[in-house]
Amino acid sequence: MDYNKLAELLFPDIQKTPADYEALYPPRENAEHGACITRLGPSPTGFIHLGNLYGAFVDERLAHQSKASDGTGGTFFLRIEDTDDKRYVEGAVETIINSLGFFDIKFDEGAALDGHDSGNYGPYYQSQRGPIYQAFVKELIRKGQAYPCFLTEDDLAAIRQEQEANKETTGIYGKYAEKSRNLSYEEIESNIAAGKPYVIRLKSSDTSTANPDSKVSYEDHDGVTYISIVDGIRGKVAMPANDQDVVILKANGIPTYHFAHVIDDHLMHTTHVVRGEEWLMSLPIHVELFEKLGFELPVYCHTAVLMKIDDETGNKRKLSKRKDPELSLDYYRKEGYHPKAVKEYLLTILNSNYEEWRAEHPDADIDEFQFTTDKMSSAGALFDLNKLMDISKDVLLGIPAEELAAFMLNWAQEFKPQAAPLLENQEYLSKILDLGRHDKKPRKDLIHAKQIFDFISYFYDEYFTIEERIPEQVSDEDAREILTRYLETYDHSDDQSEWFEKIRTITADLGYAVKPKDYKKHPEEYKGSVAHVSTVIRIAVMGRSQSPDVWAIQQILGEERVRSRISQLIG
RNA sequence: GGUCCUAUGGUCAAGCGGUUAAGACACCGCCCUUUCACGGCGGUAACCCGGGUUCGAUUCCCGGUAGGAUCACCA
């Protein structure tokens, strides 16, 4: 078989050679000097989830934390993996860039919002890289390492059926590949002339001696060749070498993921490939491809899958986009989690030593943390909403009230538009949000926008309702008496101690204990304590028994509102 | 089913041959407090099972078990 002739038959229009592309995309300066080049390669399905963010975060940190010896940083680029035309969703690229941007993850290069790619290694849409892939496929054909295959779907199904019946591994390999591998030039030519569709398959073979500089080690176990590489996260991983004649070019001339990945990450000089664990099993294919093509293997970092406990079965399982709303990045935006909190949480499950670092550097910027892949867990982490909330409390405490107020408004405008006009009074909102945050023991009860709004809703008449009943220690008559006297003696200009002194007076006059301890010790001597009296006032003014300091709240509410709420209750 | 990954309290996790087996979240109790929250103190709770190797295994090896991943002209 004359492979050169075959290559020309298959790709008559492809003139450029791999060497041409190597020249077109020379090595990157910063990578040559030790910086990391990473990439995010999403398929444009329009759905961007927590897993994407998780991976993107690793990519971003790796690139931007690395420094070349000449001082320049690494590069993080966006490549759209749209080799499957069925999956493309309009506006998906915008969604990806905006969603990640919300979490402060920015690309240095690649596909961009305005549709104009930036960078010297494009195009960054795989669908536009057809000729590049084909040039490399043509080269493989020329070397007899790939071949056209005319098997139809029915043929494939029949083979699969036979293999399943025989309990053999499915796929095109060994004897199942022979027929297609051994097609003569004439047969191929007439098939093509007849317009039969075909794919290009890799002619799988032993690569153990193909590349002397290889990072791959080969070992034989019971006659099977095993490859092993060092994964950035998992360390050594070993598995049987590939023996499948996988398709590298689909009938439509577009490559499969496997081939596109190898060509792109080589030509774009990616140093670290961060991807989900679900790719681990196809690693042997990629290794064979890298070896055959003579490319240097990137460092693979296979991240663990995010899990959750299934409500029905009680088992751990992969987060699913259909069943788990918290997987969607939109969920966090809707709930109004601050991006910093989500990032902070992600980092705690990403790097086991992060929490420790944070404890030592409570005020440091998150980017100062030295992120390392070897501190990443290789087991699937369970997503813990509780923990996120806890972390969020701390993060929010570090954000100035004014900034938080603006954040709240933004959130409301998008997700709670009927309340947004109320929040436009940013000065009022800021005061509310700042309540109790500057004491020696600051309050930590702000978690996310939705919860915060609920928490502070009584500051707005439109949302004020009496939500709780008065404590059982207090009779209805006493409650009325407490409120009446409170209103009579109320002076908005009282300072906190003057104000509280009046409450003590009412408390004592009505037969309640001024010190809660007294009531606790001698419950028979009192109707209740000052705590119960305070609660009555609290419920009248705030509608609930849980809130920050009453006096401080009243100062913000203003005298008029305080008086009218109480008189309304007295009737 | 084949292959691969993983296995420490309810959850996330330190540990890398000898430890009273850290810490965080959640939970419970007490204290502080005009409520709640915050904070402080304390508490319940863990090395999947069976074989080896070893003076000694949570740690190393081999089996099992369990969970997960993957087996496309999808990524």
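Tutor: A residue is near a molecule or strand if one of its heavy atoms lies within 4 Å of it. Please keep in mind that this is a predicted model.

Student: Which residues are the closest to RNA strand B, and how many surround RNA strand B?

Tutor: By the 4 Å criterion, the residues around RNA strand B can be listed and counted. The closest are Thr83, Arg160, Lys250, Trp279 and Lys517, and the residues that surround RNA strand B number 56.

Student: What share of the atoms of RNA strand B that come within 4 Å of the protein do sugar and phosphate account for?

Tutor: An N or O atom in the side chain of Glu81 is 3.0 Å from a sugar or linking oxygen of RNA strand B. Phosphate oxygens of RNA strand B lie 3.1 Å from a polar side-chain atom of Lys444 and 2.6 Å from an N or O atom in the side chain of Lys517. For the atoms of RNA strand B within 4 Å of the protein, the sugar and phosphate share is 70%.

Student: Which helix gives the largest share of the surface near RNA strand B?

Tutor: By class, this surface has 23 nonpolar, twelve polar and 21 charged residues. Elements that each supply at least two residues include strand 8 (235–240), strand 13 (316–318), helix 15 (385–397) and helix 21 (496–509). The largest share, four residues, comes from helix 23.

Student: Where do the buried residues of helix 8 lie around the axis, and against what do they pack?

Tutor: The buried residues of helix 8 (residues 174–181) are Tyr176, Ala177 and Ser180. Because they cover an arc of only 90° around the axis, they are on the same side of helix 8. Lys175 and Lys179, on the other side, are exposed. The packing partners of the buried residues are strand 4 (146–149) and helix 7 (153–165).

Student: Is Thr38 buried or exposed?

Tutor: Thr38, in strand 1 (residues 37–40), has contacts beyond four places in sequence that include Leu62, Phe76 and His272. A polar atom of the Thr38 side chain also lies 2.9 Å from the backbone oxygen of Asp59. Since buried means under 20% relative accessible area, and Thr38 has 0% relative accessibility, Thr38 counts as buried.

Student: How far apart do the C-alpha centres of domain 1 and domain 3 lie?

Tutor: In chain A, domain 1 comprises 314–373 + 383–397, and domain 3 comprises 476–570. The distance between their C-alpha centres is 40 Å.

Key
Residues are numbered from 1 along each chain as its sequence is written. Chains are lettered from A and ligands numbered from 1 in the order in which they are written. This is a predicted model: local features need pLDDT of at least 70, side-chain atom pairs count only at pLDDT 80 or more; totals for chains, interfaces and linings use all residues. Side-chain values use heavy atoms; hydrogens and water are left out. Domain bounds come from an automatic or database domain assignment. Buried means under 20% relative accessible area, exposed over 50%, partly exposed in between (1.4 Å probe, protein chains only). The arc is that of the directions from the helix axis to the C-beta atoms. Contact means heavy atoms within 4.5 Å. A polar contact is a pair of N or O atoms within 3.5 Å; within protein, one must be able to donate a hydrogen and the other to accept it, and residues adjacent in sequence count only if both atoms are side-chain atoms. Ala, Val, Leu, Ile, Met, Phe, Trp, Tyr, Cys and Pro count as nonpolar, Asp, Glu, Lys and Arg as charged, and the others, Gly among them, as polar.
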